[in-house]
Amino acid sequence: MFLLGMPAVYRFFKHLASPPKKARKQVRLGFNRIYILPTKAGLLFFALLLTMLLISINYTNPPGYLLTFLLTGVGLASIFHTHRALFGLLVSRAPTRSVFAGKTAHFQVVIRNPDPLFRHGIRITWSGLDQGPIQDIASKSEARFSLPKLAVARGKLTAGPIVVSSVHPLGLCKAWASVQLAMSCIVYPQPEKNGPKWSPSAKVSADLSKILLESYPAEQDGDDFSGLRKYRLGDPPRQVAWKAMAKSNTLYSKEFSSQGEDTVIWLQWKDANQAEIEATLSRLCRWILEADKTGHPYGLILPNQEISPTTGPAHLDLCLTSLAVFQDHPENP
Amino acid sequence: MKTALNRVLLRSTGPWLWVLTPLFLAALPHFLRTPFWLGLACMGLWLLRLAAVDRPRLVPTRPLRLLLAAACISGVYASYGYLLGPEPGTALLLLLLALKPLETKGYRDQLVIVLLTYLLILLHFLASQSLLAAGYMALVIFLNTATMFGLVHGQSQGNPGFRLRQAAILLIQALPVMLLLFVLFPRFPGSLWGLFQKPQTALTGLSETMNPGDVSRLTQSPEMAFRVAFEGQSPPASLMYWRVLVLWETDGRTWRVGKSDPGHGLWNITASQEPIRYVLTLEPHGQNWLPALEMPLEIPDNAEPATDMRLRLKAPMQQRTRFSMASALGYNVDGLLAKQRRRALALPETGNALSRSKAETWRSQLSGDQAIFNAALDMFRDGSFAYSLTPPLLGPNAVDDFLFKTRDGYCEHYASAFTFLMRAAGIPARVVLGYQGGERNPLGEYYMIRQYHAHAWSEVWLSGQGWVRVDLTSILAPERIQIGAGALVPDIGVPGVLSDREIAWAITLWRNLTLGWDAANALWNQWVLDFGSERQKRFFQRLGLSGASRLERFGYLLLGLAGSCLAAGLIYGVLLLRARPRPDALDTLYARFCKRLARVGIVRRANEGPLDFALRASALRADLADTIMAVSQVYMRQKYGAKPETGSIKKLGRLVQRFRP
C-alpha cells in the first residue's frame, strides 16, 4: 500500500510548495489534482497485516498466508477504488445568498458526476478542516453541498480553497483534491440594534423645499411636485429647478409623484452620519430594513451613490449591497 | 425474507449486528476448543451489547468493566496455567473482543473490532488448516469485509445486498494479488523464533502394541491415514499391503514391537518385478512410522531403514508430508541373522498349551518347514473358522481360546494365532501391522487409505523363499481384501421407507460427494498446505530461476510486486480512459441542429426547452417550420419518450443533414 502511496506523498509536498491555483468557475478532478494517502485506519490495517504475516511465518501456516495476502490485495484494490471515487468529478459553484455580518454564509458547491458510476461518500471541507458535508452522487447527476463560513465583516467574502475528498470503499486511504473556486458572498453590514428613526425630511432642507413648493405650484400634467433630487445627466431641462440652483449653486431636478398618497422615504448618509463609517452603515442598514417593512418606496443616498426610490427584494438587495461594498471616499462630507 | 432482513438491519441495532455477526461466526470454532465458560461469557457480553443499544443504562460502568477484564484474565490463567501462547492468547483476544464493544464510542472502536476479527480468523487456522475451515472462514471474511465497507458509509448504505456486492468486488480484485504473493513470498523451513510451539500428542492410527480388538476398533474410523498417487499403472488393491510396524514380542495375547534393532540395518531385497513408484502423502500422526508398500526399495531423505524392512521417520510426524517412494511387489528377502531368528521364535514360557501341543504334533509328524506351513494353512481352510467384526471375548489363553473354542475373529486374531503356531512349530514368524488396500478416488486419480483399512497379517521365514506374507483374511474372507473393511460395516436399513434402488442411488450420490470432497481436499493439501520452502524452490526452478538464496527469493517477490503494480496501474488507466463520458449521438445531432439555427440568428436560450425553442424558431422562420418541428419531435421522443424507437437516430441524422437554413 505504501509503495503506491509514495508518489502521492511526493506530489503532496510538491503541491504544498506550488503557489495557489487561480480561482476558477469549474474544476475537473483529474490525475494532476487527486492525491492519496493512507488514513489512520489504513495505518492500523497495515499494522494488522504485518502482525498476521509474522504469525503466518512463525507457524508456517499456509491458510494464514492466504488470508494475509488476500487482505493485502483488498487494501491495494481499495486504493484504486478511492481514486476512482473522485476521478472525473466536475466541481463548480452556485450563487451564495448574501448575509449580514456576524451571521454564517453558506457557500454552495455543486459537484456533477458525468459518469455512469455511482460515487460514494464525497466529502467537502474547507482546506485545513476535517468536518464537512458528505453525500453520495448518483450516476449522471449532481449534488449540492453547503459549506458554512462565518461572515465577520461587511464586504465581499471570498471562499478559500476547498477540499473534495473520499475514503470510499473501506476508509483505508483518503483521496483528496484541493480546489479554488471563484466563489464569493456579499456580506451586508450588521444592522444597528436600536437608534433614531430616519428623519422624515425630504432630501433637501425644509426651508428650501418650502420655497420650491411655493415657486412650483401644481403643473406638469397635474402631477404633484414631490421634491428635489440632485441633477442626473439626461434630466430634461424643464425639470431642472432653476430657482433652487440660483439659491444653492447646485443643479437640482424637480420630482413629481403621480400618486399623491405615496410617501417616499429617503434614507441619507448625512442623516445617519456618525463618527465611524461602520456605525453609519449599520444605521443605514437598519433603516433600509425598516423602510422595506413599511412597504413604501424608499431611496438611498450615499456620498458617492444614489439609488432612486422603489420597493421589492431586488431593490432591498441593491441597497444593502451598496452599503456592503461602500468604500470610504475622500469627498465624503 | 429480504425485506425482513432489511428491517432488522435498519433498526438501531443494525450497525452492531453487522459488526457482531462476523465476529460471532469467527469465534464459533474457537469456542469448541476454549473452556466452556469463555464461550458463554463472550456470547453473554455480545447480547448485552445488542440489548444496550436502546437501553444505554445497561452498559457497565468503567470500574465494572475493569473488574470484568481482570476477572477474564485471571479466568484464562486459571484455565490454561499460562498466558503466552496461541491458545491462551486466542482466549484473551476473544475476551477483549467481547468487552471492547461495551466501551465503543464510534467509528474508530468499531474498526478495531472488525480488524481484530480478521486476526481471530487467522488464529483459527493455527488450530485447523483444513479445507472446511478455510471455506467457512472465507464466508466470514466476506461478511467482515462487508461490515468494514459499511463502517465508512454509515446508515445510508444499510442495504445488505449493496454492501455484500461491494465486498465481493473488492475480494475478487484481491485474488490475483493473493495468488501472486502466495507463490512469490519467500518461505523458509522452520519457524521464526520457535516460540509458542504447542507440544504435539500422538494422534490416531496404529499403535506399537496389538491386543485382540485393537485393529477392529480402528476399522470404525473413516479418518484419512494417507493418500497415494501412483506413477503409471497402479497395482490391484488386493496386492496393496502397506507395512507399518513389525511386532516381534508376545505374551501369548498382546503383541509388541519390542526392543527392535535401532540400527540402520540395510536389508537385502531382490526385486523380481519392476519397482512401483508412488508419492505418498501422510497425514500427521505424531509418531515415527512411515507406511510403505511392501517391500520398499528406496529410502526417502527424512526416513531411515529399520532391520525388519520397514521405514522409520527421523522425527515424529507433526505435519502432512509428501514422500516419493519406490517398492517391489515381487521380491525375495535374503539372510536371517541369528539374533533375528532367536527373536522370531521367542514365545512365553507358559500358556496356550493346546496350541503348543498341536504344533509339536506337526513338527514330529511332518518333515520340513514347508509341510508344517501347509498343514497349518489347511487347518484354517477347513471351514470351521469364521470372519467377524464383533468376535466373542477371549480368555487369558487367547490363542487356545480362539483356535479351539470360538473360531471367530478378525484379522488380528488370525495373524496372532498363526504366528504363534508357527513359532511353536519352530518356524520363525512375526506379525505385521499396517494397512491393506485403498479406495480409489477417480476425481483425483489417487488412492485414499483410511483408518478402516488397518490390517494385521503374518510373515513367516521359509528357507529359500525368505520372508513370506501369510494373510489368512484373504483366504477366509476374500471380500474383505477386495472391497475393504469399511464396506463390511453393516448398513442401517430403513425398510419400507425407501426402496432398494433409492437407497442405492442415495449411497452412490453420497459416495460421489465424499469422493469429490476428498479430491478437493487433496488439491488443497497439495497446492496450499504443502507449498513450503521445497515446493517453492522447485517452482522457481521450473520457471528457470535458481531461487537458491534468500536474497534471490526476495528479489523475485519485489520484481513480481513491481510488475503487478505496473500492470494494475495500466489496467486502471485504460479503464478510466474507456469510461470517459462520450457525447451521446442524439445530443450531438441536436447540438448541430441548434448550431445551424444559431448561424441564422436563432439562438437557443439557456432556459429554453426543445419544445419552446422549436415553437419560437418556427414562428421566426415559417418557411422552415416543418423541418424544425420534425427534428424537435424526433429528438424529444427519443430523449424523453417512454419507449425509444429504433432507427430514430438515423432519421434524425438525415433530417439534420438536409437542414440548411
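Two residues are taken to be in contact if their C-beta atoms, placed from the backbone, lie within 7 Å. On this basis, among contacts in chain B between residues at least 6 apart in sequence, 73% join residues at least 24 apart. The structure is a predicted model, in which local features need pLDDT of at least 70 and side-chain atom pairs count only at pLDDT 80 or more, whereas totals for chains, interfaces and linings use all residues. Residues are numbered from 1 along each chain as its sequence is written, and chains are lettered from A and ligands numbered from 1 in the order in which they are written.

Chain B contains 23 helices and 20 strands, where helices (H or I, at least four residues) and strands (E, at least two) are DSSP runs numbered from the N terminus. Of its 661 residues, 32% count as buried, a residue being buried if 20 or more other C-beta atoms lie within 10 Å of its own, exposed if 12 or fewer, and partly exposed in between.

The contact between the two chains takes 41 residues from chain A and 40 residues from chain B. On the side of chain A that touches chain B, at least two residues each are supplied by helix 1 (2–17), helix 2 (40–58), helix 3 (62–86) and strand 6 (119–126) of chain A, and the largest share, 16 residues, comes from helix 3 of chain A. By class, this side of chain A divides into 27 nonpolar, twelve polar and two charged residues, with Ala, Val, Leu, Ile, Met, Phe, Trp, Tyr, Cys and Pro counted as nonpolar, Asp, Glu, Lys and Arg as charged, and the others, Gly among them, as polar.

Within chain B, helix 13 (residues 398–406) and helix 14 (residues 411–424) pack at an angle of about 105°, with their axes 10 Å apart; axes are lines fitted to C-alpha atoms, for helices over the stretch in contact, and angles run from 0 to 180 degrees between N-to-C directions. Helix 13 and helix 14 of chain B are therefore roughly perpendicular to each other, a term that covers angles of 65 to 115 degrees. Val399(B), Phe402(B) and Leu403(B) of helix 13 meet His413(B), Ser416(B), Ala417(B) and Phe420(B) of helix 14, and this contact has five nonpolar, two polar and no charged residues.

Helix 22 (residues 625–640) of chain B has 16 residues and reaches 22 Å from its first C-alpha to its last, close to the 22 Å expected at 1.5 Å a residue, the expected span being 1.5 Å times one less than the number of residues. Its buried residues are Ile628(B), Val631(B), Ser632(B), Val634(B), Tyr635(B) and Gln638(B), and they cover an arc of only 160° around the axis, which puts them on the same side of helix 22 of chain B. The cover over these residues includes helix 20 (585–599), helix 21 (610–620) and helix 23 (648–658) of chain B, while the face turned away from the buried side carries the exposed residues Asp626(B) and Tyr640(B).

Some backbone features lie in loops. The peptide bond from His168(A) to Pro169(A) is cis, with omega near 5°, and Pro169(A) lies in the loop between strand 10 (162–166) and strand 11 (173–179) of chain A. The peptide bond from Glu294(B) to Met295(B) is also cis, with omega near -20°. Thr60(A), in the loop between helix 2 and helix 3 of chain A, has a positive phi near 35°.

Methods:
Angles under 35 degrees count as roughly parallel, over 145 as roughly antiparallel, 65 to 115 as roughly perpendicular and the rest as oblique. The arc is that of the directions from the helix axis to the C-beta atoms.
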